[in-house]
Amino acid sequence: MAIHNGLMLKNKDIISVRDMRKEDIELVLEKAEETERTGKSGIMKGKILASLFFEPSTRTRLSFSSAMHSLGGNVIGFESTEGTSVAKGENLADTIRMANGYSDLIVIRHPKEGAARFAAELSEKPVINAGDGANQHPTQTLLDLYSIKKFAGAIEGTNVTLLGDLKYGRVMKSLFYALSMFGANIHLSSPKGLEMPQSIVEEARQKFGADIMQSNEILEGIKGADVVYACRIQKERFADPYEAEKMQREFRLTLEILEKGKDDVIILHALPKVTEIEPSIDNTRHAKYFEQAALGVPVRMALISLLVG
Ligand code: CP
């Protein structure tokens with residue numbers, strides 16, 4: 001397939017999947033395929049990525065670092081605010097001004113919704129949102145779309161079930177929007193009270209004519225699915241932790257349930273997972289979440305190349 005004109009994303013900020021056109025996303029997916037084939041390069045030699053993590057991360061932070069190093073570039077930054085001048089009271093605006101002066105690209109994760117967009121308004125260098133509160137995590141969505149395409153063969157027409165806490169999970173909201181844009185058949189399966197907000201469901205139906213089913217039974221969600229994308233119950237956002245624990249017990253993917261699904265069903269998860277997937281599933285042919293996490297490197301290599309290369 002012909003690679004689109006890479007200049008479409010040069011110097012752009014990646015803050016929300018909602019800001020991206022379908023052709024921008026296709027460009028990243030095509031470039032990631034090429035990157036997976038060709039591997040490491042030196043195209044970021046002499047370039048610096050500022051990695052600013054105001055919140056914990058394993059996959060996103062490490063895969064961005066791995067991606068930049070694999071392109072021959074360097075990484076500066078912090079994995080927590082401890083030991084930085086943020087601990088002395090320096091505000092976000094001044095921290096971003098510093099990173100703008102020291103780097104060619106900024107990757108930021110922050111607990112406050114809107115922090116990445118605020119950073120992008122201040123920075124002359126491209127800013128990538130690596131997660132802002134419960135709001136957006138666009139590079140996870142790019143990686144998820146890439147994984148679905150790779151493991152299921154296509155996104156359009158594929159039966160994808162989003163399973164778990166669809167009310168609070170930022171990854172699920174971004175992915176739901178993108179799957180609707182790409183014409184997947186979507187089943188939203190969540191415990192009662194943790195449904196995808198109805199305004200978001202209606203928007204997807206109206207904007208993309210999306211084919212969406214909804215249920216509160218895990219078995220309903222598994223039936224007929226080509227891909228089951230599970231997420232954890234976001235316990236930290238519950239007023240009553242016992243309510244969250246009850247839902248964790250009741251809404252759990254087990255081998256017994258999985259056997260009622262399609263023989264070749266694929267299980268994905270953004271990770272970290274806690275109790276929502278029975279550990280014995282990790283060793284089955286269905287579990288693709290560790291491979292999915294590894295794909296974060298070529299997808300982020302592709303994105304960095306398109307923004308800065
Ligand atoms: N998927 C994801 O965002 O994981 P981390 O929180 O470890 O970065």
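Reader: In E2, which residue is the bridge partner of Ile-48?
Author: A word on ground rules: this is a predicted model, where local features need pLDDT of at least 70, side-chain atom pairs count only at pLDDT 80 or more, and totals for chains, interfaces and linings use all residues. Residues are numbered from 1 along each chain as its sequence is written, and side-chain values use heavy atoms, with hydrogens and water left out. Strand E1 (residues 48-53) runs parallel to E2, with five bridges joining them; helices (H or I, at least four residues) and strands (E, at least two) are DSSP runs numbered from the N terminus. Within E2, Ile-48 has as its bridge partner Asn-74.

Reader: Which strands stand at the edges of the sheet?
Author: The open sheet has four strands in the order E2-E1-E3-E4, with parallel pairing (strands pair if DSSP finds at least two bridges between them). An edge strand here has a single partner, so one of its sides is left without a neighbour in the sheet. The edges are E2 (74-78) and E4 (127-132).

Reader: What angle does the direction of helix H2 make with that of E1?
Author: Helix H2 (residues 59-70) packs on this sheet and touches E1, E2, strand E3 (105-110) and E4; contact means heavy atoms within 4.5 Å. Angles run from 0 to 180 degrees between N-to-C directions, using lines fitted to C-alpha atoms, for helices over the stretch in contact. For H2 against E1, that gives about 175°.

Reader: And what about helix H12 and the direction of E3?
Author: H12 (residues 296-308) packs on the sheet too, touching E1, E3 and E4. Its direction makes with that of E3 an angle of about 130°.

Reader: How do helices H3 and H4 sit: parallel, perpendicular or oblique?
Author: H3 (residues 92-102) and H4 (residues 115-122) pack at about 50°, with axes 9 Å apart. Under 35 degrees counts as roughly parallel, over 145 as roughly antiparallel, 65 to 115 as roughly perpendicular and the rest as oblique. So H3 to H4 is oblique.

Reader: How many residues in the contact of H5 with H6 are charged?
Author: In H5, Gln-140, Thr-141, Asp-144, Leu-145 and Ile-148 meet Val-171, Ser-174, Leu-175, Ala-178 and Leu-179 of H6. By class there are six nonpolar and three polar residues, and the charged count is one.

Reader: Which residue stands opposite His-187 in E6?
Author: Strand E5 (residues 159-163) pairs with E6 in the parallel sense over five bridges. Opposite His-187 stands Thr-161.

Conventions:
Nonpolar A, V, L, I, M, F, W, Y, C, P; charged D, E, K, R; others polar.
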